[in-house]
Amino acid sequence: MSRKQLIAQTALRLFADRGYEQVSTQLLAKEAGVSEALIFKHFGTKEQLLLSIITTGYQRVVEQVRGRLTEEDALAFVHNMIDLPYELVQKEPAFWKLQARLTEVEFARKQHARFLQPLPALLQKAFEQLGYAQPEQESHLLLLLVETLWKVQAANPQEQMQDMLEFIKTKYGRQK
């Protein structure tokens, strides 16, 4: 691991655990075992470091999600979207904990919205294929559930969500 990666990884952990505003570059340097000058050399500013963490985090998330967005079976797609927040938070708990802390930071909100951008239309199409009377509203409702699930999971990674995920899946099936 390069020192730049070490700085970013340490910053992610500290920002997630303590909050962005509570972590000084001095503390970050100490925790990463590097000089403050090296942090500034690699990232310019603490804010640029945060932007880098968010941007690269969502790049990793998009890679993890890529195949799921092309699922042909509508019900499997809906069920995949229900499981997705749990799986993403399990893989990168610090990133999602940081995202939950950054709900008021415009750049973080924009990156999250960009990540979610294709989902409403894809979910609406899936609900149409499943025969739901109000596919647009079903899509909106499921996205609200998904948003809540990842925030709960990020706040408490030990929370066992499997039973709730399975329960939610029972609510979605093919309509007659």
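**Entry 1: salt bridges**

I counted salt bridges and got 9, a salt bridge being a side-chain nitrogen of Lys or Arg within 4 Å of a carboxyl oxygen of Asp or Glu. The model is predicted, so I noted the limits: local features need pLDDT of at least 70, side-chain atom pairs count only at pLDDT 80 or more, and totals for chains, interfaces and linings use all residues. Residues are numbered from 1 along each chain as its sequence is written, and side-chain values use heavy atoms, with hydrogens and water left out.

I kept one general point in mind: side chains of opposite charge can pair when their charged atoms come close.

**Entry 2: Glu-63 and Arg-66**

I looked up the pair Glu-63 and Arg-66, whose side chains form a salt bridge at 2.5 Å, N to O. For burial I used relative accessible area: buried is under 20%, exposed is over 50%, and partly exposed is in between, with a 1.4 Å probe and protein chains only. Glu-63 is exposed at 51%, and Arg-66 is partly exposed at 47%.

**Entry 3: Lys-169 and its partners**

I then went to Lys-169, which has a salt bridge to Asp-83 with the closest N and O atoms 2.7 Å apart. Lys-169 sits in helix α10 (residues 162-171) and Asp-83 in helix α5 (residues 74-91), so this pair ties together parts 86 residues apart in sequence. Helices here are DSSP runs of H or I with at least four residues, strands are runs of E with at least two, and both are numbered from the N terminus. Lys-169 is buried, with a relative accessible area of 13%, and Asp-83 is buried at 14%.

Lys-169 also forms a salt bridge with Glu-166, where the closest N and O atoms are 3.2 Å apart. These two residues are 3 apart in helix α10, which separates them by about one helical turn. Glu-166 is partly exposed, at 44%. I logged Asp-83, Glu-166 and Lys-169 as linked in a network of salt bridges.

**Entry 4: α4 against α7**

Two packed helices are described by the angle between their axes and the distance between the axes. I checked helix α4 (residues 46-65) and helix α7 (residues 106-116): their axes come within 10 Å and cross at roughly 10°. The axes are lines fitted to C-alpha atoms, for helices over the stretch in contact, and angles run from 0 to 180 degrees between N-to-C directions. α4 and α7 are therefore roughly parallel to each other, the term for angles under 35 degrees.

I listed the residues in contact, meaning heavy atoms within 4.5 Å. On the α4 side they include Leu-51, Ile-54, Tyr-58 and Val-65, and on the α7 side Phe-107, His-112 and Phe-115.

**Entry 5: annotated spans**

I read the UniProt record, where annotations may be inferred rather than shown by experiment. Its unreviewed entry lists "domain: HTH tetR-type" at residues 1-61. Over residues 1-61 I found 79% helix and 0% strand, with the end C-alpha atoms 20 Å apart. The unreviewed entry also places "DNA-binding region" at residues 24-43. Residues 24-43 are 80% helix and 0% strand, and their end C-alpha atoms lie 14 Å apart.

**Entry 6: whole chain**

Last, I took the overall values. The protein has 10 helices and 0 strands. Its C-alpha trace spans about 65 × 30 × 25 Å along the principal axes. Of its 176 residues, 42% count as buried. Among contacts between residues at least 6 apart in sequence, 67% join residues at least 24 apart.

Technical notes: Parallel < 35°, antiparallel > 145°, perpendicular 65-115°, else oblique.
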